[in-house]
Amino acid sequence: MNKIENNQLLKLGLVVDDIYVAAKNFSELFGIEMPEIILPPEEVTQDPTGETYTIFRGEHVPARVKLANLQMGPVTVELLEPLDEASPYTEFKQKHGQGVQFITFTINGFEEHINFLEEKDIPLVHKGEYGSGRYCFFDSVPQLGVMLGLQELGRKSDRT
Amino acid sequence: MTNQSQVQNGVLGTKVIAQIGILVNDIEAVSQAYADFFGVEKPAWSWTGTLEVAQTEFEGAPSEARSKLAFFDMGSLQLELIEPDQHPSTWRNYLNEHGEGPHHIAFIIDGMKEKVTLMESRNMPLVQKGEYTGGRYAYMDTFKDLKILIELLENDK
């Protein structure tokens, strides 16, 4: 592998303090219906099978976040309100405050891409597997001016 | 359910993001990194116009501020890299305050004056505006509401 296989930017991740207010402001300004606010579970336990996980800077953590997706044409703006616990979103908020945290591309070959980028000195920050897909973030600000996000869709067992 | 035309149009008449603008300190190095990582050609950067050409206004007063710009096509939108000079501008001030990172999302609109007025009436003030070959831009301070600035682009027909 010698490049990220896809350069179609699909998603912007936007960290906010109050997801209800931000979602309402976007939906009013752009004439979008108010999106569903997806709440994280109150109690989380690590999946004993290892089939699903969230690993932030090498540690298994819940990394809970409230989510809402706004469809802005072909691009999705993902609003993120992190809970006050370790996660890439909380880390961004502490460092930068509110704002666009990452841009995401969809790829095939999840671990291969992680290896490719780490070999190029772009360290992995976070990765998660939720069953029907997986996503990861990289410390790419020094090279790309923004955090790079990659996602792969489909169940692990469907991967070729 | 809101009325259909409102749902489709909103205040700007569009919800399609045309560009994401990212502030950087070294446009050469960052352009090269995008080109390398995504396997695309490295675009040449160019300066925004001089004060006389661009008629740049920042916070209501003429400004000599300029930026180097480079554009990458990334599917439905362009990723715009911006390296500002040292003159005060929304670019330079934001970069000093926040460091490198996303500064705005841009929308292509019709009727610049009307859209600016509409947004200002919603407490989203004009921060900076200017002309480019074939059109004009306006940065609106939407940070309070949206946590990202909005750039309006109007291209001549």
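Keep in mind that this is a predicted model. Start by selecting Ile27(B), Val30(B), Ser31(B), Ala33(B), Tyr34(B) and Phe37(B): these residues of helix 2 of chain B are buried. They end up on the same side of helix 2 of chain B because they cover an arc of only 160° around its axis.

Helix 2 of chain B has 12 residues, and from its first C-alpha to its last it reaches 16 Å, close to the 16 Å expected at 1.5 Å a residue. What lies over its buried residues? The cover includes strand 5 (67-74) and strand 6 of chain B, together with helix 4 (141-144) of chain A. Step past the end of the helix and you land on Gly39(B), which follows helix 2 of chain B and has a positive phi, near 65°.

Color by chain and pick out the contacts: 35 residues of chain B are in contact with 31 residues of chain A. On the chain B side, the elements that give two or more residues are helix 1 (4-9), strand 1 (19-23), helix 2 (27-38), strand 6 (77-84), strand 7 (101-108) and helix 6 (143-146). Which of them gives the most? Helix 2 of chain B does, with five residues.

Strand 1 of chain B runs antiparallel to strand 7 of chain B, and five bridges join the two. Strand 7 of chain B also pairs with strand 10 (residues 149-155) of chain B, here in the parallel sense, again over five bridges. Zoom in on Ala106(B) to see both pairings: Gln19(B) stands opposite Ala106(B), and in strand 10 of chain B the bridge partner of Ala106(B) is Glu151(B).

Next, hide chain B and bring up the sheet of chain A. Nine strands form an open sheet with mixed pairing, in the order 3-2-7-8-9-6-1-5-4. At the edges, pairing on one side only, are strand 3 (59-60) and strand 4 (65-72) of chain A. Within the sheet, select strand 7 (residues 124-129) and strand 8 (residues 133-138) of chain A, which pair in the antiparallel sense over five bridges. One bridge to find there links Gly128(A) to Tyr135(A) in strand 8 of chain A.

Helix 2 (residues 88-96) of chain A lies across several strands, among them strand 1 (9-15), strand 7 and strand 8 of chain A, and runs at about 80° to strand 5 (75-82) of chain A. Helix 3 (residues 110-119) of chain A packs on the sheet too, touching strand 7, strand 8 and strand 9 (147-153) of chain A, and its direction makes about 10° with that of strand 8 of chain A.

Last stop: Lys66(A), in strand 4 of chain A. Is Lys66(A) buried, exposed or partly exposed? Lys66(A) is partly exposed, because 19 other C-beta atoms lie within 10 Å and a buried residue needs 20 or more. Leaving out residues up to four places away in sequence, Lys66(A) touches Ile19(A), Ile37(A), Ile38(A), Leu39(A), Pro40(A) and Glu81(A).

Definitions and conventions. Residues are numbered from 1 along each chain as its sequence is written. Chains are lettered from A and ligands numbered from 1 in the order in which they are written. This is a predicted model: local features need pLDDT of at least 70, side-chain atom pairs count only at pLDDT 80 or more; totals for chains, interfaces and linings use all residues. Two residues are in contact if their C-beta atoms, placed from the backbone, lie within 7 Å. Helices (H or I, at least four residues) and strands (E, at least two) are DSSP runs, numbered from the N terminus. Two strands pair if DSSP finds at least two bridges between them. The expected span of a helix is 1.5 Å times one less than its number of residues. A residue is buried if 20 or more other C-beta atoms lie within 10 Å of its own, exposed if 12 or fewer, and partly exposed in between; C-beta atoms are placed from the backbone. The arc is that of the directions from the helix axis to the C-beta atoms. Axes are lines fitted to C-alpha atoms, for helices over the stretch in contact, and angles run from 0 to 180 degrees between N-to-C directions.
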